[in-house]
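The questions below ask how individual labels attached to a structure follow from the values behind them. Each answer sets a value against its cut-off and then concludes.

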Amino acid sequence: MLALLAQEVDFVRPAIDWHAVAPELTLLAFGALVTVMDIVWLERGRRLTSSVASIALLVTMIPIVTLALDGEDRVMFGGAFVVDNYALVMKVMFLLAGYVVVLLSTNYVAEGDYWESEYYGLLLSSILGMVLMASARDLITVFVALELLSIPAYMLATWRKRDLKSNEAGLKYYLMGVFASAIMLYGMSLLYGGSGSTLLTDINKAVSVDGSPSAIVVMGVIFVIIGFAFKVSAFPFHTWAPDTYEGAPTPVTAFLSVASKAAGFVGLLNLLFVGFFGRDDVYEPLIWILAAASMTVGNLVALRQTNLVRMLAYSGVAQAGYMLAPLAVASDVGDAALTATVTYLLVYAAMNLGAFAIVLAVARKTRSAEIDSFKGLFGYAPGLTIAMSVFLFSLAGIPPLGGWWAKFRVMEAVIEAESTSGVVLGVFVAVNSVIALYYYARIGLGMWAEDAPDGDTTPIRVPASLVSALAITIALTIAFGVYPPLVSEFDVTLLAGGLGG
Amino acid sequence: MDSWILTAITFVPLLGAVIAMAMPNDDELHKRWALAVSLVAFGLGIAMLFDFNYDQAGQLQWVVDEPWIDVIGAGYTLGVDGMSLPLIALTVLVMPLVFLYSWNHIPSPGNTKSFLILMLILETGMIGTFVAQDLILFFVFFEVVLLPMFFMIAVWGGDDRRYASLKFFLYTLFGSALMLLGFLALFFLAKDPVTGEFLRTFDMRELTDTAGAGIARSSQLLIFGGMFIGFGVKVPMFPFHTWLPDAHTQAPTQGSVILAAVLLKLGTYGFIRISIPMLPEAAEAWAPVIGLLAVIGIIYGALGCLAQTDMKRLIAFSSVSHMGFVMLGISTLTDFGINAAIFGMVAHGLITGMLFFIAGSVKDRYHTLEIGRLGGMLIQAPRLGWILGFTSMASLGLPGLAGFWGEFPAILSAYQPANGLPVETFRGYMVVAAVGTVLAAGYLLWLLQRTAMGEPSEEFANDPEVVDITPLEWASWTPFLFLIVLFGVAPGLIFEVTDPAVVESLNNCLQFENGCDGVADATTAALGG
């Protein structure tokens, strides 16, 4: 029996490049530390957890910096885990976004009368999933990373457990998320069945045969993309987003709308550019429709919102449409599409987190995220008003704020395709920018040009952690716009380049 | 003088704005500071006028060419030639006068500091647009103007300010989004005419030199169309003009003056600097359409004026009409027409800017701009009445004043448009435009008659607030009045500067078959002295 087993099992211990996985391990260690602190110290650990969490995120940057200085691409586990420039850039983005979310959470969670420590443990493990996603080049790794980032997020969304809306938020998010995972998993199983491998590079070889694709490949690709469409809240798979965003604690909403969406995009980029790159006849029409529909529907519905968080949810749907747009011409422009989407993700993270920071700051006084409660803000909080204007008009894409550069790269990519479909998508982006400006500018008008409701003009006390979060996001938003090379000098194009894309 | 001057004149106002943000909230201090900053820019402008090499007015001067966004090959490229010099001079002249006027005319709800900071940022955007020689840089400056203007109207505007400011913002953004698509298409399609290789550049000089060579005609037409909407909204051309009367009526006086004097010129400048030289073939195809919309604008604007009951709204509609003349001149694609157009831009900037100043002062005194309630200004405030009369005369194109040299040559140029354009059509436009001048005389004289002549209305007859021009108003208005006369009697001052640059920009297209063609050099020479 034993002899038989020894024959069957031909296990070779994979070589592990500890340097390459150092960021994940660091984050894992700190996540465990935060959880253990909670168990051991109970209430006494409360004060420390948020500091430990922010330190964790900063410390994790160190191995990323050393990896970047090293400059060498590292491949492990037969190609399932890759550390290249693209992965490093995305990891830094997730960590920075996570850091800002911790800053946003500090006062909110401490004052919220809910148990605090698990919050940061869950946050860290979700970020760990995202950091892992940036390196995942294998169906199983992608799926594990996706679940690792999603499951803690479901729980974070229900954080205010005595609040009905928060429960609704978490439940909706959970049900939709699981549904999406199931669809995606089904698609993955089809792809595995068709190619005999879970490695994306092998799948690419198997699906990229000339001639029309087999039904299994078509269904596999479509199901996987739909699974990610839920995650990035693209129309028509966005229905969870507004309710979840509204009900979840605002810092968690910020986290979902930026980091979680970005992680979905990173997974999608990995799959499209490594796994399905040769099958553009399948994914491009699908992405085209998703992109055009997301931006149009997202913007039109956002026009009618009265709650700022819901409006940001729908604007997030529209923004997902802009980010998808370059992928609809990926086969024609290759690297440019990847760069455009990554650029958009980076800029979007800065400006959207900033907008949520303002929502948090204002809600400290008004206890509301209704758009009307922002009226007259200029009268009693001019600093916050200017900051909010920067974020809103950056989201609208007005130069010289960061958003213009993101939108510019998207337009550049779709025009570069020199195809009718590309140009039409470019016109979609252009027209949608105008629609979007209407609701962004309307908030600006309310803040600047109207009177405060009830004439209540007591100033807002903004805690230090929120001020730091605002300082980081506003500096990045303006710097990206005035000097775009800051966000464009990264060479993130190895992914497609490696495939000759 | 080296290339630093263009960077300096562009960013001095912005720097001033940034410093002003850090300064304490003292209104008087901020007024002095804003005026001082704009005077520095004005001083730099004067220095440029002296240092400009007028023998080489067709060439870009003080060129700066630094890398900016390498990944897309967009550079920090600046330069000034005879086409942009008058417009920069106009901008740096208008701004200190506007700040001077602001001394005791800060519109409600106050907040002097923010108001002045926004105007300084606006100045950077306007100057930057005129000096940029890179399409992306141009685009960024073109858009930088939007936010300050939006807030000026939205916060300091009239009762309907929210509607007007949003409309202004949405219209212009719509145009510029399509314009950006056009720029991008140009970037990807432009080829070197000699080697046939893709240029992949946003450098306006290179794109002007290639003049659309190697781009399929259908693509050229579409690209021009995108830019046409972008610039046409800004001008504004009929049928994209509807934001203008609202924006002008609701904007504070300072905003209206800047809007009329400089902002509208960004659109026409875009046509002569970008659309036409870079895509001459498409320009030729579009020219009859532009001409048609221009004359519709002339007549429509004039008829609109006749129907207005609000003085400010009337002046706004007269802008639509006057910018129609400018666009008519441009649509002929002749150096004669485009020279007239640039002159028309400067003249319209001075005259209509002045009219909005007067409207602002009338509003201060009477607290209304309802034409029917005004009257007898010549009795109550004779100097104000006379200045209104003088400026109206200038606006209707009285020979000897600046307005004439924008209007008359523009009409004349339509008699003989560039080779390849339908001559009969343009002669038809000429006749219609000439009718427009009659209407202009009609509405301006009627305005004058109803507001300045006759007996003061009972309502205001003994109103102590209706006083004559104050010293401050004299100070900020005199330069306008002086220049209106000066350019009226010596139009060559502008024509001589612009002509070489205009010829140069059109010359580039002459290398190509069916390109635009200058035909009226002799006439220009005669007119320009």
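Q: Why does B:Arg32 count as exposed?
A: In this predicted model, local features need pLDDT of at least 70 and side-chain atom pairs count only at pLDDT 80 or more, whereas totals for chains, interfaces and linings use all residues. Residues are numbered from 1 along each chain as its sequence is written, chains are lettered from A and ligands numbered from 1 in the order in which they are written, and side-chain values use heavy atoms, with hydrogens and water left out. Buried means under 20% relative accessible area, exposed over 50%, and partly exposed in between, with a 1.4 Å probe and protein chains only; B:Arg32 has 51% relative accessibility and therefore counts as exposed. B:Arg32 belongs to helix α2 (residues 27–51) of chain B, where helices (H or I, at least four residues) and strands (E, at least two) are DSSP runs numbered from the N terminus.

Q: What makes A:Pro63 count as buried, and which residues does A:Pro63 touch?
A: The relative accessibility of A:Pro63 is 11%, so the residue counts as buried. A:Pro63 sits in helix α3 (residues 46–70) of chain A and, leaving aside residues up to four places away in sequence, touches A:His19, A:Ala22, A:Pro23 and A:Thr26, contact meaning heavy atoms within 4.5 Å.

Q: Why is α11(B) said to be largely enclosed by the rest of the structure?
A: Of the 26 residues of α11(B), 26 are buried, so the helix is largely enclosed by the rest of the structure. Helix α11 (residues 253–278) of chain B reaches 36 Å from its first C-alpha to its last, close to the 38 Å expected, the expected span being 1.5 Å times one less than the number of residues. A kink of about 45° is centred on B:Leu259 in α11(B); the bend at a residue is the angle between axes fitted to the seven residues ending there and the seven starting there.

Q: How do you know that β1 and β2 of chain B pair?
A: Two strands pair if DSSP finds at least two bridges between them, and strand β1 (residues 61–69) and strand β2 (residues 74–80) of chain B pair over six bridges in the antiparallel sense. B:Gln61, for instance, has B:Val80 in β2(B) as its bridge partner. Four residues lie between the strands of this hairpin, in which B:Gly73 takes a positive phi near 65°.

Q: What makes phi of B:Arg200 and of B:His367 worth noting?
A: Most residues other than glycine have a negative phi, and most peptide bonds are trans. Phi of B:Arg200 is near 50°, a positive value in a residue other than glycine, and phi of B:His367, likewise positive, is near 60°.

Q: Which value goes with the cis peptide bond from B:Phe238 to B:Pro239?
A: Omega is near 0° for the bond from B:Phe238 to B:Pro239, which is cis, and B:Pro239 is in the loop between α9 (217–234) and α10 (243–250) of chain B.
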